[in-house]
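Keep the coordinates open as you read.

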Amino acid sequence: MRNRPRASLGRILHDLGTTVLDVAASPGDLDAEVTGVHIHDPLDEPIVPAGAILLAVGVHGAGDICALLERAPHAAGVVVKLPVDVDERVRAAVLETGVAVLGLTRAASWAQVAALLRSLLAEGDLDEPGEGPHGDLFSLANAVCALLDAPVTIEDRSSRVLAFSGRQDEADQGRVETVLGRQVPGRYLRQLDEQGVFKRLYQGHEPVYIQLDDDTLIDRVAVAVRVGDEILGSIWAAVHEPLSPQRQRALTDAAKIVALQLLRERAGADTQRRLRADLLSTVLAGGADAAEAAGRLGIATARLCVLAAQLAGPAGTDPARGESDRQRFCDAFALHVGAIHPKAAAALIGSVAYAVLPLAPGGDEEARAVRVAESFLARVGPRHAANIGVGRLALSLAQVARSRADADRALRVLRTRATTGQAAGYADVHFEALLLQVADVAATEDQTPTGPYRRLLDHDAEHGTELTATLGAYLDAFGDVNTAAARVHVHANTFRYRLKRLVEISGLDLADPEARLTVMLQMRIFGR
């Protein structure tokens, strides 16, 4: 198996080009290995692993930049919105820490640059400038760029950018927006659709030259990426004139190579997801292999909460669509918890997306984990109706299995409530969860209601009465007849008569607290 080359800061800047990021102050060579992307929060103590790129949201001025460099001396780089205030103090701090200061274009949002950098790092095959391609999409895009002498993007069927070459700053504003957003903007898609570009592109096998009806844009040439009859995506190049026959052939051949790479990545992604799910499942189960699995996942081993998230909508008729929806939901969940803590992990196991979330000491760990879950549900709510159960704090790997069981039980309570968009900690639903466990035991042992409750059920079944509902309303209303009568929509006198009848039939002593508790529990365990 080939070892993947390091993702260096220099290579990332080379791929992005100066349109997105520029070097404001450098310690020298930009060969530092980049290990991840983290967002600076001035209210939290920074947890910045060595080699991280730190997005300095809201940081302005030389003094603030110097203070941040001192707090994150092991980062690979700090990104600040342009214009960057660089003075002698900043240069001295950069040389002392070895952390580069980068300027982010004002046109880009922090969300865009975070997604962009994470996508580059996820490719894992970033090599040094000047080296040959290693088979990943970004290297392929750079190779096609060299063949065509034009900046290139590789896109999927939905015009989302999968990879892009260098030299994007030589293109136009439309390409810049596309690369920053990792998606072709809607107004350009409508323009292309009105010109019939996608129909021509996907019906043929040859490159299509596209003259754009906008003086601010450079023309494009595109070719479909396909395997047999399946369209996987397309390659787009920003050009000033039609390609020569030789370059057309090169683009056509490149599309075949890209198709193979997309198939490999599809298979590889499935394999990685299965492996990650297996490892996380081992961690959640506890036992002798949990420590090794945690090490392979790179997750923390103490002060953890397990989160169990599940889509709450009705099951669709298309199993493949349902599985795809669950996987996209899990991917979003993994991204969310990963942004909270670098040593978090998430994977889809069955129909439930589990996450192991490390938490700093503070005494309210479960409440903080619930807030993380609520924040995620608020973000994905319009697209995914889901619930999340949160387990108790695990102080070691040995307690993770208990936290997972807690999270499952809390999630089950939310399902039983028929609610959506809710998060619950185990402590908040403890008693409901216990009742569900007792109901499971009763069902397993084929136990049935007894005593006064059994007699009421039999009478209702035989005579078509609703005495059980009357008793339930009375108990729920703490014996307030008027409130109980309103709940079952009858007159108070009628309700009193029914109450008298159910006491006569069942033999239940409503004045006895033990008798009331017994029948209330039976109603919760066996149902009304």
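What follows covers the cores, the salt bridges, the cavity and some backbone geometry.

This is a predicted model: local features need pLDDT of at least 70, side-chain atom pairs count only at pLDDT 80 or more, and totals for chains, interfaces and linings use all residues. Residues are numbered from 1 along each chain as its sequence is written, and side-chain values use heavy atoms, with hydrogens and water left out.

Start with the interior. A nonpolar core is a set of buried Ala, Val, Leu, Ile, Met, Phe, Trp, Tyr and Cys residues joined through side-chain atoms within 4.5 Å. Buried means under 20% relative accessible area, exposed over 50%, and partly exposed in between (1.4 Å probe, protein chains only). The largest nonpolar core has 53 residues, and Leu-55 and Ile-235 touch the most other members. Contact means heavy atoms within 4.5 Å. Beyond its neighbours within four places in sequence, Leu-55 has contacts that include Val-37, Ile-39, Val-79, Trp-110 and Leu-117. A second, separate core holds 26 residues, among them Ala-309, Leu-348, Ala-353 and Ala-386.

Now the charged pairs. A salt bridge is a side-chain nitrogen of Lys or Arg within 4 Å of a carboxyl oxygen of Asp or Glu. The structure has 18 of them. Helices (H or I, at least four residues) and strands (E, at least two) are DSSP runs, numbered from the N terminus.

Take Asp-406 and Arg-392. Their closest N and O atoms are 2.6 Å apart. Asp-406 sits in helix H13 (residues 400-416) and Arg-392 in the loop between strand E14 (386-390) and H13, so the bridge ties together parts 14 residues apart in sequence. Asp-406 is buried at 0% relative accessibility, whereas Arg-392 is partly exposed at 31%.

Arg-417 and Glu-432 form another salt bridge, at 2.4 Å from N to O. Arg-417 lies in the loop between H13 and strand E15 (423-425), and Glu-432 in helix H14 (residues 430-444), 15 residues apart. Arg-417 is partly exposed at 43%. Glu-432 is partly exposed at 25%. Shared partners also join Asp-149, Arg-167 and Glu-170 into one salt-bridge network.

Asp-156 pairs with Arg-160 at 3.1 Å, N to O. Asp-156 is buried at 12%, while Arg-160 is partly exposed at 42%.

On a 1 Å grid over the protein atoms alone, a cavity is a set of points where a 1.4 Å probe fits but cannot get out; lining residues have an atom within 4 Å of a point. Points are joined across faces, edges and corners, and a volume is the space filled by probe spheres set on them. One cavity of 30 Å³ or more is found. The largest cavity holds about 190 Å³. Of its 13 lining residues, Thr-178, Val-184, Tyr-188, Leu-192 and Arg-220 lie nearest the centre. Strand E6 (152-156), helix H6 (173-181) and helix H7 (186-194) each supply at least two lining residues.

Finish with the backbone. Most residues other than glycine have a negative phi, and most peptide bonds are trans. The peptide bond from Leu-82 to Pro-83 is cis, with omega near -5°. Pro-83 is in the loop between strand E4 (77-81) and helix H3 (88-97). Asp-149 has a positive phi, near 55°, and lies in the loop between helix H5 (137-148) and E6. Arg-167 has a positive phi of about 70°, in the loop between strand E7 (161-164) and H6.

Key
1 Å grid on protein atoms, 1.4 Å probe; cavity = no way out; pocket = protein on both sides within 12 Å on 5 of 7 lines; lining within 4 Å.
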